[in-house]
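I opened the notebook to record a strand and its partners, and then the aromatic rings. The entries follow the order of my look-ups.

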Amino acid sequence: MTSPTPGIVPRRGSVGVRIGPTLVGGAAPVVVQSMTNTDTADIVATTKQVAELARAGSELVRLTVNTAEAAAAVPRIRDRLAMMGSSVPLIGDFHYNGHQLLADEPAAAEALAKYRINPGNVGFGKKKDIQFSTIIETALRHDKPVRIGVNWGSLDPSMIAAMMDENNARTEPWDAARVAQEALIRSALDSAQRAEELGMDRSRIVLSCKVSGVQGLISVYRDLAARCDYALHLGLTEAGMGSKGIVASSAALAVLLQEGIGDTIRISLTPEPGESRTREVVVAQELLQTMGLRAFTPMVTACPGCGRTTSTLFQELARTVQDHVRAKMPEWRLKYDGVENMTLAVMGCIVNGPGESKHADIGISLPGTGESPAAPVFIDGQKAMTLRGDTIAQDFVGVVEDYVARRYVQRA
């Protein structure tokens, strides 16, 4: 960002990490990422979902790589995406057997843009350092960055036991929550230090320490950010389904982002049955955009409705306009420069409608219940026309299309 949004602490000085064509950390804006929930060995389904996530705006996409079949599928997925014109970086999510899969499938090791390692289950006992070292050495050989992603649900039991013993020896022992937080952070930092000892540069390491509680996540990342300058991935793990998952993730991540902490985010939503996986991408984008940190797609301001707006017309129009601009954005992004900054207003009655509409690039003030069936349209703060009849929605979408073509410079 060239000019920080008022009220937001400037980004802390994290080291930038190049993941394919995408820069995470450093001076780069916060990056949105997501993860597939298909069987990676199902090449057709996984390619389709990756393409959908990328089209929705995911700038990094993570895949589960847990079997030999999944690892073998990775380069074929990468090739299919390339034929579709998609260059979104793919991240391999490894647990337990990543060292073996990367060794057995060098094509997968090369096709992936980054490896995610969980130090809590990369190996146990004497095998832990050997298997962790094998993955880091593979990353070095293929010039790939890594995310060392610690998760409270899978901390190394031997580390927890050692830290509990250490805590019991203190004159004033910490409470259990503080010990747990320190275990998360130490696991991440110790693993990053080991990766550096093996030859990995700091500019190739991303860290994360995920928990499922809002206050816990805020506390962990404040502490982690104060103790290192690695690029940080934010995410509330197992955030939940629907509004609960959205609210919890937004509550935690917004506080940290407001304080300048975090370089890439994922909203880990449990999808509703039949719901598109892309919702987590939309929520992440909307979080960053409503905070003023990035712009992804034209934003639609709409009133909540009241007793003056018992008609559902303005609700239907707001949904139509919002769905239209999001569907058109992949095309507009390639064709027009700056269109993501456009603002739209769909208001329900005369009380605040005209005023709000004038503040947007394009706004429409619909008639409230019992009011004159006329909808004034405002463009760049001036009344431009009045729409009437049964085709107001289609007519207003046409006005938006004409405005985009006229206002925004076409890319070369």
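I began with strand S16 (residues 362–365) in this predicted model, where Ile362 and Ile364 point one way while Gly363 and Ser365 point the other way, and I noted that all of them are buried.

Next I looked up the neighbours of S16. Strand S15 (residues 343–347) pairs with S16 in the parallel sense over four bridges, and I found Ser365 listed as the bridge partner of Met347. I also followed the chain from S15 through helix H12 (residues 353–359) to S16, and these elements make a right-handed β-α-β unit. With strand S17 (residues 375–379), S16 runs antiparallel, joined by three bridges, and here Ile364 stands opposite Val377.

I then turned to the aromatic rings, and my search of the whole structure found two aromatic pairs. I noted that the pair links distant parts of the chain, since Phe94 lies in strand S5 (residues 90–94) and Tyr115 in strand S6 (residues 114–117), 21 residues apart. Phe94 is buried at a relative accessible area of 4%, and Tyr115 is buried at 0%.

Tyr403 and Tyr408 form an edge-to-face pair, with 6.4 Å from centre to centre and 75° between the planes, and both residues are buried.

Last, I checked for charges over rings: the charged end of Arg170 sits over the ring of Trp174, 3.6 Å from its centre, and that of Arg202 sits over the ring of Tyr230, 4.3 Å from its centre.

Terms used
Residues numbered from 1 in each chain as written. Predicted model: local features only at pLDDT ≥ 70, side-chain atom pairs only at ≥ 80, totals over all residues. Heavy atoms only, no water. Buried < 20%, exposed > 50% of the residue type's maximum accessible area, 1.4 Å probe, protein only. Helix = DSSP H or I, 4+ residues; strand = E, 2+ residues; numbered from the N terminus. Pairing = 2+ DSSP bridges. Right-handed = clockwise from strand over helix to strand, strands pointing away. Phe/Tyr/Trp six-rings, centres within 6.5 Å; stacked < 30°, edge-to-face > 60°. Lys NZ or Arg CZ within 6 Å of the ring centre and 35° of its normal.
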